[in-house]
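Open the model in your viewer and get ready to select residues. We will take the stops one at a time.

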Amino acid sequence: MTQDSEHRHDMRLTTAAQLERARARTTVLTDAVDDADLIRQHSPLMSPLVWDLAHVGNQEELWLVRDVGGREPLRQDIDKLYDAFRHPRRDRPALPLLGPAEARAYVHEVRDKALDVLDRVRLDERRLVADGFAFGMIVQHEQQHDETMLATHQLRNGPAVLHAPAPPQTRVPVTGEVLVPGGPFTMGTDTEAWALDNERPAHTVDVAAFAIDAAPVTNSRYAEFIADGGYDDPRWWSERGWTHRQKAGLDAPLHWHRDGDGWAYTRFGRTEPVIGDEPVVHVCFFEAQAYAAWAGKRLPTEAEWEKAARFDPATGRSRRYPWGDDDPTPRHANLGQRHLAPAPVGAYPDGASPLGVHQLIGDVWEWVDSGFHGYPGFTVFPYAEYSQVFFGGDYRMLRGGSFGTDAAACRGTFRNWDHPIRRQIFSGFRCARDVTPDAL
Ligand code: AVJ
Ligand code: FE
């Protein structure tokens, strides 16, 4: 083999392995419950699990089998059922969906064809397949739905059906804030092969000096906010946030309940006392904002978050991840549903940024105070319905991934977004603060 064809051969193998890994996760999440549970809607915010399953297969059919492979459709008749724009989540249980056995057979058949396409397709003819992009996009799509399905599991009632070891409990002390120097840095990417369109292009952003918490806000700090009457004091809330807090009756993170003098939470069917030094999770943007105001701080902007995560002051360049350019390993971050909880603060010293900011990747998605827009020079690739149709909508960004996010769908540049009232996702936050020039 020539060096180039050898490289492409390796890429096909690693891509097939990534597809396989995503499917193993999907299988765990959908085999954990019986057929009735797969069909049921556990929350109006979520699809029935059986919809996610067939939707994953349908996207793979559309992109890999039909578009990249140029093959005949397997099930053109079901395209509309699994078009997320045609049917909102709350309406999906009433659709004539494929049943569990049919959905499993369908995704299996699609995968066989997609792997055959991966074996035969020329990877140098179209931009869509350069560096295996279309395959990477489908890997990420399945992994994103795996995180969505994990959130559905968290909303489902009944005994525990998912099992995983606890996150690492050894930890280094991490407290206080880190000062991030002012000046330009490179945000976004031109070089990350599987980066999605909204992460591109790389561009320079000038960010004034700021301070950012060295760790995400923990349960014990958040409980102090509650104990101090934070939920009852409109001073800490934005106008929209306060209106929402009243209307929705918010008084603690989702899944928390009073337990004697303290708090307990129910996670994937198990109820346990809240662990104080874990990052808080299942808060909406408005709760994060109110906490930050109570703490005398604010949320970081998206550019500040990315600078804290990627900027290397020694070289001035932006890294792929806080720890450098190597792909995440279990030593760096709590990703990939290896554990079904965030790890305590300080559990990932090897994942810290050069400035000493911890746990930016993994554990909990972090709300940042920015809306969703394309970067300067943004172009749709390969379809507008991934990102562009959401630009300028009522969304706030989330960065860094959670314990439920796979490494394939998480990078220093990766951008997630949701409505500011949502909290069924694995969302937490950290605070930031302006610094005055004489503080430098
Ligand atoms: C990027 C997580 C907001 O779940 O709505 C899945 C990802 N896009 N299928 C979502 C996505 C199409 C998306 N988020
Ligand atoms: Fe999707």
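In which loop does Pro-382 lie? Select it in this predicted model. Pro-382 is in the loop between β8 (365-368) and β9 (396-399). The peptide bond joining Phe-381 and Pro-382 is cis, with omega about -5°.

Next, select Arg-200 and Pro-201. Here too the peptide bond is cis, and omega is near -10°. Pro-201 belongs to the loop between β2 (183-187) and β3 (203-207). Most peptide bonds are trans.

Move on to His-282. Look for it in the loop between β7 (270-273) and α8 (285-294). His-282 is not a glycine, yet its phi is positive, about 70°. Most residues other than glycine have a negative phi.

Now go to ligand 1. Ligand 1 sits in the largest pocket. Select the residues around it: His-141, Gln-144, His-145, Tyr-386, Asn-416 and Trp-417. The protein covers 73% of the 350 Å² of accessible area that ligand 1 has on its own. Of the shell residues, four are polar, two are nonpolar and none is charged.

Zoom in on two side chains. An N or O atom in the side chain of His-141 is 3.1 Å from a nitrogen atom of ligand 1. For His-145, a polar side-chain atom lies 3.2 Å from a nitrogen atom of ligand 1.

Colour α5 (133-155) and β10 (416-418). Each supplies at least two residues of the shell around ligand 1. The largest share, three residues, comes from α5.

Last stop: colour by domain. Why does ligand 1 lie between domain 1 (3-155) and domain 2 (163-440)? Because both domains give residues to its shell.

Note on methods. Residues numbered from 1 in each chain as written. Chains lettered and ligands numbered in written order. Predicted model: local features only at pLDDT ≥ 70, side-chain atom pairs only at ≥ 80, totals over all residues. Heavy atoms only, no water. Near = heavy atom within 4 Å. Polar contact = N/O pair within 3.5 Å; in protein donor to acceptor, adjacent residues only side chain to side chain. Areas by Shrake-Rupley, 256 points an atom, 1.4 Å probe, with all protein chains shown as cover. 1 Å grid on protein atoms, 1.4 Å probe; cavity = no way out; pocket = protein on both sides within 12 Å on 5 of 7 lines; lining within 4 Å. Sits in = over half its atoms within 2 Å of the grid points. Helix = DSSP H or I, 4+ residues; strand = E, 2+ residues; numbered from the N terminus. Nonpolar A, V, L, I, M, F, W, Y, C, P; charged D, E, K, R; others polar. Domains from an automatic or database assignment.
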